[in-house]
Amino acid sequence: MPKEEWFREMFNKNMVSVIREQSLAMEKAGTVTPQVLDYIYELGLFKLFVPKELGGRMVPLPEALRIFEQASWIDGSFGWLVTIGSGGGYFASSISPEVSRRIFSDSRAVIAGSGFPSGVARPVAGGYEVSGQWKFCSGSTHATVFTANCVIEADKPSAAPEIRSFILLPEQVKIADDWRAFGLKATASHSISVEGAYVPAEMTFELAKQHTCFPDPLFRYPFMQFAETSFAAVSIGVCRHFLDEARRMVDLSREAWKASNPDRSRFVTDRLEQADTEFEQAVANFYRVIDDTWQKQIGCVQLSEADGQQISRKCKQTAKTALHCAQSLFPYLGINAIMEEAPVNRAWRDLQTVCQHTLLVSFRETGE
């Protein structure tokens, strides 16, 4: 598909233009505008993984990843919020259908939360008393519910403490305005805290257990690989935006560079072409692995441990390649590229932030 056409599957030109026109203001405000949030609701982007029985779209994973890429190509914060917000639908099959209906029935329903078990839950009659603080809850300012992981308080110490996920209502949660990253600034990825909140047992779940409430193949896809593929797709989209902006800067600077330094234009153009080739090959390889493993999934073939390792490895390699391509170009784009308000600068910062996520960082050198 031609590059100028690929985004039309989900987002029309006017929508792309509006989001990009508002992206700088969103970055300064630290949150998306109401109009951009309305786009998400209108397109059902927070419902991509919500079962159709609950009013969701239940999009196949490979298709959803391409939507995440498209959204992130438009704007990094926008793409990250779509990805994180829709990801909450994965929990639907871990929760009872009755509770899921209450959580997801609203057309604007969206979950924000944190996977780190930095809370403590004390068993009480009918449920738990929860206290804790959780960082990096993207979409905190528009979430309709929150999820957070807690260690269950036990009478006796255990080598393997029990961890459960808890569904918290907005009125139980305090949001701290503390997201100060230099990228993905408009994601409102603030910390949340809870003190002595009562959570009924039905509002808790164990993500590690087999999903049985809804039959869609997605709910048999391992959660860790589900998260890794989602974040890798964001890195692809943000890098694609960076390369587009770099290409635009090179085109605008070409004549001036020829006059002042004839070698510069060819050098930077060659770098750009090399980065683009390397990037597109990595993207093709990423989707090949995802599509192949998804075909196994819909064919009711359980993914092997080797499959899971291949997916994880490919996600990390893809993000690493995206980051490398941007790093190989950024120093040569000129003084204008270091200005925070420049689109190429914002895309570069967003990519740095996405690729800093621990699920995309490999702590060993891996090869094919």
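Helix α6 (residues 223-260) and helix α9 (residues 343-354) have axes that come within 9 Å and cross at roughly 155°. That angle is over 145°, the cut-off for roughly antiparallel. So α6 is roughly antiparallel to α9. The crossing of α6 and α9 is left-handed. This is a predicted model.

Which residues of α6 and α9 make the contact? From α6 come F231, V234, S235, V238, C239, H241, F242, E245, A246 and M249. From α9 come P343, V344, A347, W348, D350, L351 and V354. The residues of this contact divide into 13 nonpolar, two polar and two charged.

A second pair involves helix α7 (residues 262-298) and helix α8 (residues 305-329). Their axes come within 9 Å and cross at roughly 165°. α7 and α8 are therefore roughly antiparallel to each other. α7 passes α8 in a left-handed crossing. Here the contact residues divide into 13 nonpolar, seven polar and five charged.

The table sets out the two pairs.

| Helix pair | Axes come within | Crossing angle |
|---|---|---|
| α6 (residues 223-260) and α9 (residues 343-354) | 9 Å | roughly 155° |
| α7 (residues 262-298) and α8 (residues 305-329) | 9 Å | roughly 165° |

Now for the strands. Strands of a sheet pair through backbone hydrogen bonds, either parallel or antiparallel.

Where does Q172 lie? Q172 is in the loop between β4 (163-168) and β5. Its relative accessible area is 22%, and Q172 is partly exposed. Why is Q172 not counted as buried? Buried means under 20% relative accessible area, and Q172 has 22%.

Q172 and V194 are 22 residues apart in sequence. In space they are 6.5 Å apart, C-alpha to C-alpha. Leaving aside residues up to four places away in sequence, Q172 touches S193, V194, A197 and Y198.

How values were computed: Residues are numbered from 1 along each chain as its sequence is written. This is a predicted model: local features need pLDDT of at least 70, side-chain atom pairs count only at pLDDT 80 or more; totals for chains, interfaces and linings use all residues. Side-chain values use heavy atoms; hydrogens and water are left out. Axes are lines fitted to C-alpha atoms, for helices over the stretch in contact, and angles run from 0 to 180 degrees between N-to-C directions. Helices (H or I, at least four residues) and strands (E, at least two) are DSSP runs, numbered from the N terminus. Angles under 35 degrees count as roughly parallel, over 145 as roughly antiparallel, 65 to 115 as roughly perpendicular and the rest as oblique. A crossing is left-handed if the near helix is turned anticlockwise from the far one by less than a right angle, and right-handed if clockwise. Contact means heavy atoms within 4.5 Å. Ala, Val, Leu, Ile, Met, Phe, Trp, Tyr, Cys and Pro count as nonpolar, Asp, Glu, Lys and Arg as charged, and the others, Gly among them, as polar. Buried means under 20% relative accessible area, exposed over 50%, partly exposed in between (1.4 Å probe, protein chains only).
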